[in-house]
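Dear colleague,

Here is the structure I promised to pass on to you. Please open it beside this message, and read on below for what was found in it.

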Amino acid sequence: MRAYRRLMRDDPRAPLLPTSPGFWRSPLRGPRFTAVLGLVLLVGVTVLFGTGLLSYAAYNPGLSPVNDKTPDKGVLGFYLFAWPTDPHWLYRLTQGVHVTLGITLIPVLLAKLWSVVPRLFTLPPARSLAHAMERLSLLLLVGGGLFQFVTGVLNVQLDYVFPGSFYPLHFYGAWVFFAAFVAHAALKTPTALRNLRRLREEPGDLVSPRPAEPTVSRRGALWFVGGASLLLFATTVGQSLGGALRRTALLAPHGGADPGSGPNGFQINKTAAHAGIDRAETGADAWRLVVTGRTGTVRLSRAQLAGLPQHSAALPIACVEGWSTPDQWWRGVRLRDLAALVGHDDPPDLFVESLQRHGAFRKAALRANQVADPRSLLALYVNGEELSPDHGHPARIIVPAAPGVLNTKWVARLTFGDL
């Protein structure tokens, strides 16, 4: 095998195959170039994984099966905790960082894979059991990384072309990818740091024995990768900031329903028509909110709800796809006051049901700490006007720091009690 490699390297007449050292001729490849990209990914992927875990925790998946779209997680749910309501922009920040950083890192990931592609074709494929395990970890690392980034981008674009639900696919894929990533980082980070400290780059399997004429320096290539990441950042971050800056998010989906202007003129994730909401069900004569608790059940019309003490809260809407709105002024009845109507002086957990009959999160569960927060409302108004049908008329849930899907629209029933 060594003689074969020397022949492929030194004989210009030898056939050039991907397994040949001379096949990969770019003068840009080298340990230092790869080390820089690897260290950027070391930091970036760690932040991605951390914010991804926080995004999952924000759903309070241990509270009720309706919140948990990743069944049988077992020990992988070891870190879960009761999601807080302060600061009220917490989910907006963590999920905005997760999505924006993930898209920003795409050029770095692709450049890193390009820089080490010769190693994927080295022969023999396994020189020992340890080497075979390392190659298997690389397969999981490369495959898992591509899977996570591709499914994440498709989710942001609302293109669910992959089989199954996004939530369990992305959750389990993240654990597989990060486990391989940690193993790879433990093996390669010391080498990467040594490569950066060396004054001169030493030959290695990434350096071509017959490099082509350079058209750009390695520093120039790194600037190109950084510029591409900066461009993706600039055309993505606006969707997390919301408001007028959303127009700068050129990569965010813009083909959905137009929210229009005025007090209800902020982003809509799902319209009333898409959710199958019949206007006859939401009219003043037909709609009643059913509230159930310790002392029984009460039925309240919208006029009766409007006659109860009203409270206001300035809260954003933030969604798993990374988009969010600035704070909107919501007004309605506190959830803890509705709990008191049915005998709960200490607010318990809450099970919310929508008029929406199909689709994920037409039912949702909220923890007692979320119900008890004075800013958690059954909102009837937003920004001084009644809710529009697309924003949940006749009534919707709004809770600080909760993912958008837990802020249920077109509420039909509230059931207070331990879940």
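Ser229 counts as buried because its relative accessibility is 7%, where buried means under 20% relative accessible area, exposed over 50% and partly exposed in between, with a 1.4 Å probe and protein chains only. This residue belongs to helix 7, residues 218-234, helices being DSSP runs of H or I with at least four residues, numbered from the N terminus. Beyond its neighbours within four places in sequence, Ser229 is in contact with Thr104, Pro107 and Val108, contact meaning heavy atoms within 4.5 Å.

Please keep in mind that this is a predicted model, in which local features need pLDDT of at least 70 and side-chain atom pairs count only at pLDDT 80 or more, while totals for chains, interfaces and linings use all residues. Residues are numbered from 1 along each chain as its sequence is written, and side-chain values use heavy atoms, with hydrogens and water left out.

Helix 5 (residues 129-156) packs against helix 6 (residues 166-197) at an angle of about 140 degrees, and their axes are 8 Å apart. The two are therefore oblique to each other, since angles under 35 degrees count as roughly parallel, over 145 as roughly antiparallel, 65 to 115 as roughly perpendicular and the rest as oblique. Among the residues that meet are Gly144 and Phe147 in helix 5, and Gly173 and Phe177 in helix 6. The residues of this contact divide into 11 nonpolar, 10 polar and two charged, where Ala, Val, Leu, Ile, Met, Phe, Trp, Tyr, Cys and Pro count as nonpolar, Asp, Glu, Lys and Arg as charged, and the others, Gly among them, as polar.

Notes. Axes are lines fitted to C-alpha atoms, for helices over the stretch in contact, and angles run from 0 to 180 degrees between N-to-C directions.
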